[in-house]
Number of protein chains: 2
Amino acid sequence: MTDVQDVETGARARTRRAIVEAAVTQLARDPGVALGQVADAAGVGRTTLHRYFPERSDLLEAVGAETVARLGEAHERARLDQGTAREALRRLCPEYLLLGDHLTLLFTEVVPDAPADGCADDDPMVALVERGRDDGSLDLELSPSWVIGTIWAQLYLAWETLREGHESRHDVVQQLMRTVDKALAP
Amino acid sequence: MTDVQDVETGARARTRRAIVEAAVTQLARDPGVALGQVADAAGVGRTTLHRYFPERSDLLEAVGAETVARLGEAHERARLDQGTAREALRRLCPEYLLLGDHLTLLFTEVVPDAPADGCADDDPMVALVERGRDDGSLDLELSPSWVIGTIWAQLYLAWETLREGHESRHDVVQQLMRTVDKALAP
DNA sequence: CCGGGTTGGAACACTCGTGTTCCACTTTGG
DNA sequence: CCAAAGTGGAACACGAGTGTTCCAACCCGG
């Protein structure tokens, strides 16, 4: 039983990581990118890529797993269950922004079975928003799905702005927090 | 000299419109959609589609022109130069929302030379935001490009929400206006 | 030093979308 | 009613991406 999280050392593991990372970058740029281009970006031959991921869908699955894992880490670091929902949200946004291209993948849904923008029932974001409505830290006139959608939309804007390179991360985070906070406060 | 805007009547014009409209819908769903699928959606043969638009780029160009035209009409209807910038913005949002799938095309930039999210200098949106910063109806701590980005991001969210069909247009417009207004007010 | 593990390139067959040509059919306007 | 315009389908060549096989070269550990 070779689990997804094998011994992440040695040549094989290193090659595998390189391919997945390159795939994340390239897929974020163009969802229909050719596998040969991913291989080039990873610095490996196309043959090698196919050795690790026989079919395109296998690679997409691996990328999805990686994204989900990163998402989970972000949730942990943000300690979502501490303080009011709004405070938790203020910790969560910068963490999400660290996901980089994974944000693009989540937003454009190029990846299979990755939790799309607030569609999963076990999404911590859903629970967080529910809590925010209870503790009065969120605007009750906005539906939960709209609140979640707004957060994702602004996160995407923040990441795109950052990727363009015209504004510093500090400025982007500042404006992201300000916008989200004002929009969602009661 | 057969201009883009011919006598928009007769069989040819009707067929042409059907193809372009189908292309807008299909391209919004999948930017890499096959031309055969566009032809099917338009209710014409693939041969006929190629008769009107010899190459894929020709169709994309026509779709882009259509989008730009619709955008212009929305700008006119919103009477951007009347009242404060914030008032104009409140008229503009619902108009933009009427653009439907064209919003998706603008947002995902599948179309050539269509003014991407606030990248064009002659974009009325840029002028509007400049005015808003002058007349004090917009938050000065947010950069102009962030303000424009926020508007587009929320518009896209609104359209996607509407397209899902879980909320009425009235509710969506209500939440869109409330969110944008709160986020961008000083 | 040697042998297994790993790699990359060449070559191949296959699928799919594209763009083209040709021809028979239907519609429409004079 | 009849010719011209418009249409749709079949068939074709072509290119690009995919997935596979085979083999020579390389690296690293025992």
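Guide: Two residues are in contact when heavy atoms of theirs lie within 4.5 Å, and by that rule 26 residues of chain B meet 26 residues of chain A. This is a predicted model, in which local features need pLDDT of at least 70 and side-chain atom pairs count only at pLDDT 80 or more, while totals for chains, interfaces and linings use all residues. Residues are numbered from 1 along each chain as written, chains are lettered from A and ligands numbered from 1 in the order written, and side-chain values use heavy atoms, without hydrogens and water.

Visitor: How much area do chain B and chain A bury between them?

Guide: The size of an interface is often given as the accessible area lost when the parts come together. Here chain B and chain A bury about 2100 Å² (accessible area lost to a 1.4 Å probe, summed over both), and carbon and sulfur atoms account for 59% of that area. In chain B, the residues that lose the most area to chain A are B:W146, B:Q175 and B:K182, which together give 33% of what that side buries.

Visitor: How many salt bridges does the rule find across the interface of chain B and chain A, and how many residue pairs are in polar contact?

Guide: The rule finds six salt bridges between chain B and chain A (a side-chain nitrogen of Lys or Arg within 4 Å of a carboxyl oxygen of Asp or Glu), and one that can be located in the model joins A:E141 to B:R178, with 3.9 Å from N to O. There are also 18 residue pairs in polar contact, both residues at pLDDT 80 or more (N or O atoms within 3.5 Å, where within protein one must be able to donate a hydrogen and the other to accept it, and sequence neighbours count only through side-chain atoms on both sides).

Visitor: Which helix supplies the largest share of the side of chain B that touches chain A?

Guide: Helices are DSSP runs of H or I of at least four residues, strands are E runs of at least two, and numbering starts at the N terminus. On that side of chain B, α8 (144-164) and α9 (169-184) each supply at least two residues, and the largest share, 10 residues, comes from α8(B).

Visitor: Where is A:T67 placed, and is A:T67 buried or exposed?

Guide: A:T67 sits in helix α4 (residues 56-77) of chain A, and A:T67 counts as buried because its relative accessibility is 2%. Leaving aside residues up to four places away in sequence, A:T67 touches A:H102, A:L105 and A:L106.

Visitor: What area is buried between domain 1 of chain A and domain 2 of chain A?

Guide: The assignment, automatic or from a database, gives chain A domain 1 (1-54) and domain 2 (68-184), and six residues from domain 1 and six residues from domain 2 take part in the contact. The centres of these domains, taken over C-alpha atoms, are 28 Å apart. About 540 Å² is buried between domain 1 and domain 2 of chain A, with 74% of it from carbon and sulfur atoms. In domain 1, A:V24, A:L27 and A:A28 lose the most area to domain 2, together 68% of what that side buries. Across this domain interface the rule finds zero salt bridges, and zero residue pairs are in polar contact with both at pLDDT 80 or more.

Methods: Buried area = accessible area lost by both parts, 1.4 Å probe. Buried < 20%, exposed > 50% of the residue type's maximum accessible area, 1.4 Å probe, protein only.
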